[in-house]
Amino acid sequence: MDVAQYLETAGTLAWQVPNLPDTTPHRPIKTVGVIGAGTMGGGISMNFVNAGMTVKIVETKQDALDRGLSVVRGNYERSAKRGRFPMEEVDERMSRFVGCLSLSDLADCDLVIEAVFENMDLKREIFTELDRVMKPGAILATNTSALDIDEIASVTKRPEDVIGLHFFSPANVMKLLEIVRADHTADDVVATCMSLAKTIGKVATLVGVCPGFVGNRILFARQAQANRLLNKGVMPWDVDAALNQFGFRMGPFQMSDLAGLDIGWSKGAKTANPIRDALCEMDRRGQKTQAGFYDYDENRNHTPSDVSAKVIRDITGVEPTSMPVDQIIEACIYPMINEAVKILEENKAQRPSDIDVVWINGYGWPADKGGPMFYGDTVGAAAVLAKMEDLAKDDPTCEPAALLRELAAKGGKFTDIDIGGLKTKGDA
């Protein structure tokens, strides 16, 4: 099967949920509540407004609410100027927003999506309140990108109504939606959310609860290896150039600068990433400060930075060195394949091709390489295993998955892995 046929089949399969009958009832969704009017909350809201639904969007203060809705209006106005819809439709769409300053204002919503920053205590507090105020049968969703949704659900008396809806930023543009099934999520909640994803024009994959779910968990594995290369003296622009050559529009450090180096960091913090910490302390926090791993001009064009090169050299104590492009690619890509195999071993994804759908639609994986699982088959399990064993000598997190060893021994294919698909405690 060529890569185009594979991806077409993968996209079709992603919508199919084994053991979820077509006759499963759907909960009616007419009014959606969104908690948070920032970049993510505003973007999420636009998906539902675009589909003709009313959205109640909540902020804690009026100025934050006004600012968020102003950004949304600006997005719509730019789209109208580009001819995507008539200018008069801007007001029509904005009329479907209802600004709110209290969670209790969401009581009659059919679905509520929490889109605040990644802090478990805050999310537990919000879901405790949602449990108190929301009508029976409402779906309670979190947009968390990595946190334990079972823990979030545990503060409610209705964990069967809780699900993860992980949108990708910018949420009004990015196609991927990871729908995260927690241990107690009801079948009709899953069926409703899968159907709703189609309604709002997303590409959905159903995944299980683990740190980072499918997409970010694999991303974390890649970033860890990219950081290890810095500790060996490889410069960030060399790592990025290799990943660009592989086919990614943005490499790991270009992506970090775009997202903001201060995600998960606060002033004075000492994290597991001292290079990032040092850059942030210097107010080099990425594109938004015109300096991160790279220097940026007023048009956000980037150039390698002597400042960050010195920071890296001072912290690692290693002089800059070069590494062949193919070795950089293997060091970053093969751990992604290994992590994907571990996800399948743990029954946190429905099928290997779903992992490829996630990476193609959410992370810019080059389409001609089909996704981590498809690409793994082009290089072979034996090659991936050999690299992982080499990396594991210095990094225990690179321990090869047991199933990777098995595939290498038997000449098996990553895309053929089937050990029961997605499972939760309810399936045990």
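Predicted model: local features only at pLDDT ≥ 70, side-chain atom pairs only at ≥ 80, totals over all residues.
Which residue forms a salt bridge with Arg132?

View 1. Residues are numbered from 1 along each chain as its sequence is written, and side-chain values use heavy atoms, with hydrogens and water left out. Arg132 forms a salt bridge (a side-chain nitrogen of Lys or Arg within 4 Å of a carboxyl oxygen of Asp or Glu) with Glu129, the closest N and O atoms being 2.6 Å apart. Arg132 is exposed at 61% relative accessibility, whereas Glu129 is partly exposed at 26%, where buried means under 20% relative accessible area, exposed over 50% and partly exposed in between (1.4 Å probe, protein chains only).

**View 2. The salt bridge of Asp394 with Arg228.** The closest N and O atoms of this pair are 4.0 Å apart. Because Asp394 lies in the loop between α16 (381-392) and α17 (402-410) and Arg228 in helix α8 (residues 215-231), the pair ties together parts that are 166 residues apart in sequence. Asp394 is exposed, with a relative accessible area of 58%, while Arg228 is buried at 18%.

**View 3. The salt bridge between Arg276 and Asp277.** Their side chains meet at 3.2 Å, N to O; Arg276 is buried at 12% relative accessible area, and Asp277 is buried at 5%.

Notes:
Helix = DSSP H or I, 4+ residues; strand = E, 2+ residues; numbered from the N terminus.
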